[in-house]
Amino acid sequence: MTVALSTSEPRRLLGRDQLTLVVIWMALITVPLWLPLLGGYTALAGRVLVFGLAAMALNLLLGFTGVLSFGHAAYFGLGAYGAGLTLRYLVHSTPLAMLAGTLLGGIAGTLFGLLIVRRRGVYFAMCTIAFGQLWYYLAYSWNSFTGGFDGLRDFQRAPIALGPFTLDLTGGGATFYFFLLAIFAVAVALMGLILRSPFGRTLIAIRENERRARFLGIPVERHIWLSFSISCFFTALAGTLYALLNNFADPLTLHYTLSGYFVVMTVIGGMRTFWGPLVGAAVFVMLQDYISSMTVNWMSFIGLIFMLVVLFFPRGLLGTKGLLAKG
Amino acid sequence: MAQVILFNVTNGLIIGAFYVLMALGLSLILNLSNVINFAHGNFLALGGYLAFTLSPTLGYWGALLVSPLLTALIGVAIERTMIRRIYSRDPVYSLLFTFGLAFVMQDAARYIWGPNGLPMGLPDALAQPITASLFFITWYRVFMVAVVIITVVGLFTFLRRSRIGLRIRAGTLDLETVSVLGVNVRNLRTFNFGLGCLLAGLSGVLAAGQIGLNPNMGDDLLLPSFIAIIVGGVGSLIGTLVGGLVIGLAAALTTVFYPSASEAVIYAIMMAVLLIRPRGLMGEEGMMS
């Protein structure tokens, strides 16, 4: 599902794209089998999926529309708090919590997108950072409702009743991982469809040459706004999954530091590739887990990773040479 | 009540003065190099810590002069060796770079000077209140505001009168033409980055005397400085000045009536500006797009 990059290649039965697809899904489906052998744990794989989904959603905007948001943690965090608050105060239902969180984050993004859609480049990024931080302060200072700095606790993901069966998500094991994987698959398929549609192609046209797209009569602002909104909805969905994964929503999920993590995951994996952000998320989450267990100076190491990636590795793991050229 | 309001207005002026110094430095770098310096708050902390380390030997006044210059030198070294290599790339890279740099600098400060807060000693003359009835206004507060005013006036005079200053302002508008006219843009950007770091270092020394030192002392100033730039209008240094003062005063006055909303009011102002006057209070049309 490498979108829109391989239109002119002759179709083979199992081309490079299909092979990537098979490898990625096989690896994801068999995680509970092989991860413990490597010393990992299933919650770690869940975190990779959740951050991978968020980074892929960000990449819809960053890699495929060419617009830089450095505030996507806001929508991720709003998703997490939306789900957590729903479970805690309203109903004990996992699907409704996910719906509420996704809507909360997505709608906030959609409305804010209206304000900044005419900004470009670093100025767009600066507005997204500043706006994102608003939610951090809100969650931080509204102690009685959100739990303040300690985060929102006292909620549990609920089992889902499917007719005669019940999907018991409450445990920490493989069942919940496969639930995450199913949601991830649906979301990723939707994003792939969006990018393959004429709308998605138009986004790439805007990325490649905004002025030309404008001359062709494409309503550029409306497309960027839609792309921003869609990206926020998927990011918020990832946020709801994060709250379910941890049974906890933390003000740091709203902080711009996490936005930076999403961007670096995307760049590590390859900004203009469909699967790059997932690979980047896997690398980053594993590294972070390892480094923070090894040293108290983990901040230096994470910071060095950022700087080294920028200086020596800007294309990312899946990126190819021609794609770095500026539009 | 009058005293409470006066207290908060002076607080607002001082906080606004810090926002102004931070935001002017950020704004200089942003305008000429198109880089958002996430590490700006860490240059502030660096300036403060250097003053802490130097003041036993140089005295307070010596440290006040030397540590901003040292901060600027360190900034210049980082720009020369690393940041200038990514100017030509997509802005995402410079953002990620300074973001990582902020982490490294914060951790380095924690490693060198320790994780706990340190007090910054002040000369006795500055630590006194100005009168008994205005006990909450120390001479240090007056001094800080005076230093900031002198610095800002000096900066604007420099940018308007000196050759380098004119080049910086011209480069903000059209870097390509400036380059074609024979100006060494690489050196100009390096100088400009150093100038931004100098302002951060100076705010660091001043802030250290007010709130003491800790490794993330600049973090709380970073986001309001972004907002000051957005509110004032990107591309306009006067706008940044106005933006910093407006949000500093607004936050302080909100503290009088409803303390927990003092952060929120900054964001509300930003939203209102983006909604009603997207280019910012003093921004020029087209600068932000």
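Me: Before we start, what are the ground rules for the model and its numbering?
Reply: It is a predicted model, so local features need pLDDT of at least 70 and side-chain atom pairs count only at pLDDT 80 or more, while totals for chains, interfaces and linings use all residues. Residues are numbered from 1 along each chain as its sequence is written, and chains are lettered from A and ligands numbered from 1 in the order in which they are written.

Me: What ipTM and pTM does the predictor give the complex?
Reply: An ipTM of 0.86 and a pTM of 0.89.

Me: And what is the mean pLDDT of chain A?
Reply: It is 85, and 92% of the residues of chain A reach 70 or more. pLDDT is the predictor's confidence in each residue, from 0 to 100.

Me: Where does pLDDT stay under 50 in chain A?
Reply: Over residues 1-11, for which the model has 20 contacts beyond four places in sequence. Residues 322-327 also stay under 50, with nine such contacts. Two residues are in contact if their C-beta atoms, placed from the backbone, lie within 7 Å. Where pLDDT is low, the predicted coordinates should not be read in detail.

Me: What does chain B average?
Reply: A pLDDT of 87, with 98% of the residues at 70 or above. Within chain B, helix H4 (residues 124-127) has the lowest confidence, at a mean of 78, and H2(B) the highest, at 94. Helices (H or I, at least four residues) and strands (E, at least two) are DSSP runs, numbered from the N terminus.

Me: How many residues does each chain put into the contact?
Reply: Chain B puts in 38 residues and chain A 36. On the side of chain B that touches chain A, helices H3 (91-113), H9 (219-232) and H11 (262-276) each supply at least two residues.

Me: Which one gives the most?
Reply: H3(B), with 15 residues. By class, that side of chain B has 28 nonpolar, five polar and five charged residues. Ala, Val, Leu, Ile, Met, Phe, Trp, Tyr, Cys and Pro count as nonpolar, Asp, Glu, Lys and Arg as charged, and the others, Gly among them, as polar.

Me: What does B:Leu96 contact, beyond four places in sequence?
Reply: A:Val263, A:Val264, A:Val267, A:Phe306 and A:Val310. B:Leu96 and B:Ile230 also touch the most other members of the largest nonpolar core, which has 190 residues. H1(B) gives the most to this core, with 15 residues. A nonpolar core is a set of buried Ala, Val, Leu, Ile, Met, Phe, Trp, Tyr and Cys residues joined through C-beta atoms within 7 Å.

Me: Is A:Leu58 buried or exposed?
Reply: Buried, because A:Leu58 has 29 C-beta neighbours inside 10 Å. The cut-offs: buried if 20 or more other C-beta atoms lie within 10 Å of the residue's own, exposed if 12 or fewer, partly exposed in between, with C-beta atoms placed from the backbone. A:Leu58 lies in helix H3 (residues 42-62) of chain A. Its contacts beyond four places in sequence include A:Ser69, A:His72 and A:Pro277.

Me: Switching to A:Ser141. Which residues does A:Ser141 contact beyond four places in sequence?
Reply: B:Ser260 and B:Glu263. A:Ser141 is in helix H6 (residues 121-141) of chain A. It is partly exposed, with 17 other C-beta atoms within 10 Å.

Me: Back to chain B. At what angle do H5 and H8 cross?
Reply: Roughly 170 degrees, and the axes of H5 (residues 139-161) and H8 (residues 185-211) come within 10 Å. Therefore H5(B) is roughly antiparallel to H8(B). Axes are lines fitted to C-alpha atoms, for helices over the stretch in contact, and angles run from 0 to 180 degrees between N-to-C directions. Under 35 degrees counts as roughly parallel, over 145 as roughly antiparallel, 65 to 115 as roughly perpendicular and the rest as oblique.

Me: Which residues make the contact?
Reply: B:Tyr140, B:Met144, B:Val147 and B:Thr151 from H5(B), and B:Leu202, B:Leu206, B:Gly209 and B:Gln210 from H8(B). B:Leu202 counts as buried, with 26 C-beta neighbours inside 10 Å. B:Leu202 also touches B:Leu21, B:Gly47 and B:Pro68.

Me: Last one: what is phi at B:Asn34?
Reply: Near 60 degrees, a positive value in a residue other than glycine. B:Asn34 sits in the loop between helix H1 (2-33) and helix H2 (40-81) of chain B. A:Asn247 has a positive phi too, near 50 degrees, and its place is in the loop between H11 (220-246) and H12 (256-269) of chain A.
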